[in-house]
Amino acid sequence: MIYTKDPVFAYHSLKYLFIRMTISFFCFIYCHTKVAGQNMQAEVCIAGTMAHSFISKINAQAYQLSISLPFNYSAADTIHYPVMYILDSDPNLPLAALIQRNTSYDHEVPDVILVGVGYQVSDFLASRPFRMLDYTPTRVPKIDSEMTANHHMKMVSGGAYNFLRVLEEEVIPYIEKSYKTNNDRSLAGHSFGGLFAVYTLFHKPALFKKYLISSPSLEWDDREMLKEETQFYDAEHTALKAKVFISVGSIEPEPMVPDMNKLVKVLRNRNYKELELTDYIFEDETHLSVIPFALSKGMRNLYNPAINKK
């Protein structure tokens, strides 16, 4: 069972370190100190990105939002922007921001406000118990025990319902009050984050117009999301108004590829009205190496599908 050792934290740990080093390098390129050459050991950050910390009144979790604004963002004009909410802010927000800004130069994607949703912890690995709780739809004691033993910290699952409320009732209202947004919201998640994005699609599909779902952990709890899709459909939902890009790497651990294909087949066979669905398998990519490709192609597909047809 792949959740005994979550692939994000164990299966590809070396690749994780490589990606973190790569992100840090590009973050350095994008950031600067006040005086060139002064204090070369000072921390750097992505220009135009700010943080907002809060403790949720819904689940008592301490969150940190990282907000990356378009280069031309100005409080003085009347331009309002789409917003993409990105789970696992560290390390996905820095990577997404660099991809979005680079591809926007040639208008491959529009200017977008990116909001990374993360936790008040020292690094990504320290977020393990929080993301496992927030991103999983059901409580599975057996997996909780296995993950607790493997990662030497208390792990509990099944908090997706409350986390979805955090997004809807706390995060989104704060962003829409604080920044110049329009009603074009999207949600991006990888691995457990991808699982949560699928959960949102079947529980609050209208909360977001677009979904970038990367390598979703659909094996969770005997493929619970396939059961919940059936419940969604059986409740006479004949329409699913959403634009969805879902992808996986071809050499990810089993059963990532067949599970994604199974979900895609089910969605297509339903003939949901207003559902725009694109699926993609990235050749020769692993569970972590696929992330930048999923973000790049996913953004272009969701915001500028014509470019993928050239």
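1. Does Lys180 count as buried or exposed? In this predicted model, Lys180 counts as buried, because its relative accessibility is 11% and the cut-off for that class is under 20%. The side chain of Lys180 forms a salt bridge with Asp77, and the closest N and O atoms of the two residues are 2.2 Å apart. This pair links distant parts of the chain, since Lys180 belongs to the loop between α6 (160-178) and β5 (181-190), while Asp77 belongs to the loop between β2 (62-68) and β3 (81-87), 103 residues apart. Asp77, with a relative accessibility of 26%, counts as partly exposed.

2. A second salt bridge brings together the side chains of Asp88 and Arg131, with an N to O distance of 2.7 Å. Here too the pair links distant parts of the chain, with Asp88 in the loop between β3 and α3 (89-104) and Arg131 in helix α4 (residues 128-135), 43 residues apart. Asp88 is buried, its relative accessible area being 5%, and Arg131 also counts as buried, at 1% relative accessibility.

3. Glu168 and Lys204 likewise meet through their side chains in a salt bridge, at 3.4 Å from N to O. Glu168 lies in helix α6 and Lys204 in the loop between α7 (192-203) and β6 (210-214), so that the pair, 36 residues apart, links distant parts of the chain. Glu168 is partly exposed, with a relative accessible area of 28%, and Lys204 counts as partly exposed as well, at 35% relative accessibility.

4. Turning to helix packing, α4 and α7 pack with their axes 9 Å apart and at an angle of about 20 degrees. Because angles under 35 degrees fall in that class, α4 is roughly parallel to α7. The crossing of α4 and α7 is left-handed. On the α4 side the contact is made by Arg131, Met132, Asp134 and Tyr135, and on the α7 side by Phe192, Gly193, Leu195 and Phe196. These residues divide into 5 nonpolar, 1 polar and 2 charged.

5. Tyr272 is placed in the loop between α9 (256-270) and β8 (273-282), and it is buried, with a relative accessible area of 6%. What does Tyr272 touch, not counting residues up to four places away in sequence? Its contacts are Glu229, Phe232, Tyr233, His237, Thr238, Ala239, Leu240 and Leu267. As for Leu240, it lies 32 residues from Tyr272 along the chain, and the C-alpha atoms of the two are separated by 5.6 Å.

6. Helix α3 holds Gln100 and Thr103. Gln100 is buried, with a relative accessible area of 3%, and Thr103 counts as buried at 12% relative accessibility. Leaving aside residues up to four places away in sequence, Gln100 touches Val109, Pro110, Asp111, Val112, Leu114 and Met299. With that exclusion applied to Thr103, the residues touched are Glu108 and Val109.

7. Finally, the protein as a whole has 10 helices and 8 strands. Of its 310 residues, 54% are buried. Among contacts between residues at least 6 apart in sequence, 74% join residues at least 24 apart.

Conventions:
Residues are numbered from 1 along each chain as its sequence is written. This is a predicted model: local features need pLDDT of at least 70, side-chain atom pairs count only at pLDDT 80 or more; totals for chains, interfaces and linings use all residues. Side-chain values use heavy atoms; hydrogens and water are left out. A salt bridge is a side-chain nitrogen of Lys or Arg within 4 Å of a carboxyl oxygen of Asp or Glu. Helices (H or I, at least four residues) and strands (E, at least two) are DSSP runs, numbered from the N terminus. Buried means under 20% relative accessible area, exposed over 50%, partly exposed in between (1.4 Å probe, protein chains only). Axes are lines fitted to C-alpha atoms, for helices over the stretch in contact, and angles run from 0 to 180 degrees between N-to-C directions. Angles under 35 degrees count as roughly parallel, over 145 as roughly antiparallel, 65 to 115 as roughly perpendicular and the rest as oblique. A crossing is left-handed if the near helix is turned anticlockwise from the far one by less than a right angle, and right-handed if clockwise. Contact means heavy atoms within 4.5 Å. Ala, Val, Leu, Ile, Met, Phe, Trp, Tyr, Cys and Pro count as nonpolar, Asp, Glu, Lys and Arg as charged, and the others, Gly among them, as polar.
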